Amino acid sequence: MNNVYGVVLKNEGKVYYFNGNDLIIEDNTNVVVSTEKGIQYGKVVHRIEEEKLNIAIEEMKNILRIATDEDYDSYVTNLGLASKALDKAKGLVKELNLKMNLLDATYTLDKKQLLFNFIADERVDFRDLAKKLASIYKTRIELRQIGARDKARTICGLGQCGRPLCCSTFLNHIDSVTMNMAKNQNIALNPSKINGVCGRLLCCLTYEDEEYTRCSKGMPTVGQTIKVDGTSAKVVSVDILNRKYKVDLDGVIKEFEVDCGKCFK
């Protein structure tokens with residue numbers, strides 16, 4: 001029997017699926033997993049049925065064990081070491097005059113790899129930096145350039161709604177966000193309204209899109225001319241979620257509900 005579990009390797013990070021084999025693991029249990037980057041410390045967020053997966057069991061890495069106190073101690077120690085390595089790396093970036101901004105550093109549990117995430121406006125030749133870091137820390141060094149959304153997830157902050165960013169709190173996977181989603185929700189296409197702190201389209205447009213698509217069926221659009229009791233009227237506003245719209249009927253604004261056709265003055 002194969003038990004498959006979703007595991008996060010960082011708090012509120014992306015969920016990766018691992019084969020737990022015959023291990024029975026409860027949610028929020030810390031585990032040690034095998035990854036392409038080495039042995040890592042993570043947390044189980046849920047168990048998933050094998051038939052619901054879009055990846056074959058054979059292609060998955062394994063959960064090696066439920067984390068022990070020793071594993072936790074190593075994890076905490078590595079956090080401190082990685083923080084010091086980040087400070088050292090930032091000094092080397094300045095020394096080498098590289099146009100990049102290091103965001104974080106992470107050791108694998110077995111310390112066989114030290115990963116740095118950075119942002120930069122252009123491609124950066126960081127070979128000298130990698131060599132210097134490898135000579136200091138005697139381990140494999142990986143420097144990874146990340147995008148604006150990943151930067152926002154890492155740094156966190158407050159969104160337009162006043163709440164912590166979705167990508168840093170509960171969104172484990174960020175789907176593609178398109179301008180059509182904003183249009184579908186009848187939002188003014190103003191960058192200050194539809195862009196998040198990362199400068200990209202708001203993530204929440206994606207997970208609200210399905211409901212707006214459902215509710216907009218049969219609804220007119222703003223500016224559309226329709227017939228009301230045989231008279232032409234122009235649609236002046238649309239309330240998609242409540243399935244209501246207002247029209248200008250010979251200078252009089254009237255409101256209609258799509259489902260029952262009731263008119264409100």
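This is a tour of one predicted model, stop by stop.

Residues are numbered from 1 along each chain as its sequence is written. Because the model is predicted, local features need pLDDT of at least 70 and side-chain atom pairs count only at pLDDT 80 or more, while totals for chains, interfaces and linings use all residues.

**Confidence.** Colour the model by pLDDT, the predictor's confidence in each residue, from 0 to 100. The protein averages 85, and 91% of the residues score at least 70. Helix 1 has the highest mean, 96, and strand 13 (residues 263-264) the lowest, 44. Helices (H or I, at least four residues) and strands (E, at least two) are DSSP runs, numbered from the N terminus. Now select residues 260-265, where pLDDT stays under 50. Where pLDDT is low, the predicted coordinates should not be read in detail.

Select strand 4 (residues 38-48) together with strand 1 (residues 4-8); they pair in the antiparallel sense over 5 bridges. Two strands pair if DSSP finds at least two bridges between them. Val4 has Ile48 of strand 4 as its bridge partner. A hairpin of 2 residues links strand 3 to strand 4.

**The sheet 6-7-8.** Move on to an open sheet of 3 strands, in the order 6-7-8, with mixed pairing. Strand 6 (101-107) and strand 8 (140-145) are its edges, each pairing on one side only. Strand 7 (residues 113-119) pairs with strand 6 in the antiparallel sense, over 6 bridges. Look for Leu102, which stands opposite Phe118 in strand 7.

**Two helices across the sheet.** Select helix 1 (residues 69-95), which lies across strand 6 and strand 7. Helix 2 (residues 127-137) lies across strand 6, strand 7 and strand 8.

Last, select Gly159, Pro164, Leu165, Cys166 and Leu202, the closest to the centre of the second largest pocket among its 21 lining residues. A pocket is an open set of points on a 1 Å grid over the protein atoms alone, where a 1.4 Å probe fits, with protein on both sides within 12 Å along at least five of seven lines; lining residues have an atom within 4 Å of a point. Helix 3 (148-155), helix 4 (166-169) and helix 7 (204-215) each supply at least two lining residues. Helix 4 gives the largest share, 3 residues.

How values were computed: Side-chain values use heavy atoms; hydrogens and water are left out. Contact means heavy atoms within 4.5 Å. Axes are lines fitted to C-alpha atoms, for helices over the stretch in contact, and angles run from 0 to 180 degrees between N-to-C directions.
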